[in-house]
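This report describes the arrangement of the chain in a structural model. Please consult the sequence and the structure shown below while reading.

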Amino acid sequence: MKRSITALLAIILLQSCEKKAPEYVVLSGKFTSPQEEKITVRSHDFEKEISINADGSFSDTLHITHNGSYRIGRQYVYLHKGKNLSFEAENETMDPITYTGDLAVENNYLAQKEATIREDLKALGKHIYSLEETEFVNKVNELTNKQKETLDKITPSVADFKENELRSIEYGKDLWLTNYEFYHGYFIKNNDFKVSENFPKVTTSDFDNAADFDFSPRYVDLSMLKFRENVNADLKKKTEGVAEGEANEKETNNIYDDIVIENFKKIKSRNIKNSIASSQIMNAGLPSAKVLNFFYEDLTNNIANESLKKNINERYEKIKALEAGKPSPSFNFENHKGGNTSLEDLKGKVVYVDVWATWCGPCIGEIPHLKELEKQYHGKNVEFVSISVDEKKNYEKWKQFVTDQGLVGTQLIADSDWKSDFVKNYLITGIPRFILIDTEGKIVSADAPRPSDKEIVELFTQLGL
């Protein structure tokens, strides 16, 4: 018995002396012509800023949350706990790029794969989705096989890398196939386009796989796309049979919010949930208070990374500041007629703001409706303000456009295009964007209906116009 206990203690002692793999990655490298002072490494539940030294070099220890895919700018890198990585690139665009270190083989393969795809698609002379079905499928198969052949030639340092990457290649193929119907319809200007019965079927059936979500950016795209498809399908079912015009936009939005939350709760993988919740707050425009608060609470309870949590908190507070009844962010921009006009100059009037640009097709499409609305409310206590986010190089183009199109109302141009405080404070990342402000300078709607939407007339009526 004593001998057995001694042997057991020896085994325990041996195990305790075994060297454990570090839980971190040292990421280092150099930019030969850096354009920024920092780079940011991101994933669905991780974020870390790394300072770039004066000579373009950088180095930092990353306590990553998982082994798999991370993003630096638009470049995806493969990181694995206990394995260090270094790279050299011209600047933060990460192209061209050369990797060294423990994960050099894996990351040089990934960089070569993406570069080869870009070169092959560029050689087509037109977008891949503009190809006819047979030509498109042949090209997709060719690119898929080429990726597999390249993968077969490498000897990675991580044992399961090839197995995971083979699945990722198939996910990439499925993503192309999934997107073809919509994008081909767009390129041929036929929104009713449908693929033929012979078009290949998508083979991916599991869209709730945590491991593949960590490893493959293509699987991330597929699973997020599937989530949106499920939400839209459920919305269609719940609103089917409702006569057009019977359910107003507010009611439809409430139904949509409930469906988003219901579908979210069905997902089992925590990392997928984090990504969806983050997208609802960080990238989905201005969510309703219900959606915002639900996903904010979910994220803050399930993300440990302090940098990411800080950004989520900041975004949350900015969205809350745009709720109805809060003071509107102000503007003071150059007026087409001369001088500057500020929001304070318009106090006492309802202000309907149109954020637009001369190059924006949907913006221009709203102009006839905006003119009609201005005509309808001419002489009423409302000011129609159009704020262009055209860059300074297009200043003369803006001035001429306003004149040629006979635009009325108050025509302004933002002082720093997208970087203007007013644009940033309203979290505007896409245009056209319409904003409604009451006579006291308080927000009525930070994302108001467009002039082409009859809902705007109802809002005007509620404001006594």
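## Domains

The centres of domain 1 and domain 3, taken over C-alpha atoms, are separated by 42 Å. The protein is divided into domain 1 (18-102), domain 2 (206-321) and domain 3 (326-463), with bounds from an automatic or database domain assignment.

The model is predicted: local features need pLDDT of at least 70, side-chain atom pairs count only at pLDDT 80 or more, and totals for chains, interfaces and linings use all residues. Residues are numbered from 1 along each chain as its sequence is written, and side-chain values use heavy atoms, leaving out hydrogens and water.

## The sheet

An open sheet is formed by four strands in the order β3-β2-β5-β6, with antiparallel pairing. Strands (E, at least two residues) and helices (H or I, at least four) are DSSP runs, numbered from the N terminus; two strands pair if DSSP finds at least two bridges between them. The edge strands, β3 (46-51) and β6 (75-79), each pair on one side only.

Strand β2 (residues 38-43) runs antiparallel to β3 and is joined to β3 by six bridges. Lys-38 stands opposite Ser-51 in β3.

## Helices α8 and α9

Helix α8 (residues 270-282) packs against helix α9 (residues 289-302) at an angle of about 135°, with their axes 9 Å apart. Axes are lines fitted to C-alpha atoms, for helices over the stretch in contact, and angles run from 0 to 180 degrees between N-to-C directions. α8 and α9 are therefore oblique to each other, a class left after angles under 35 degrees (roughly parallel), over 145 (roughly antiparallel) and 65 to 115 (roughly perpendicular).
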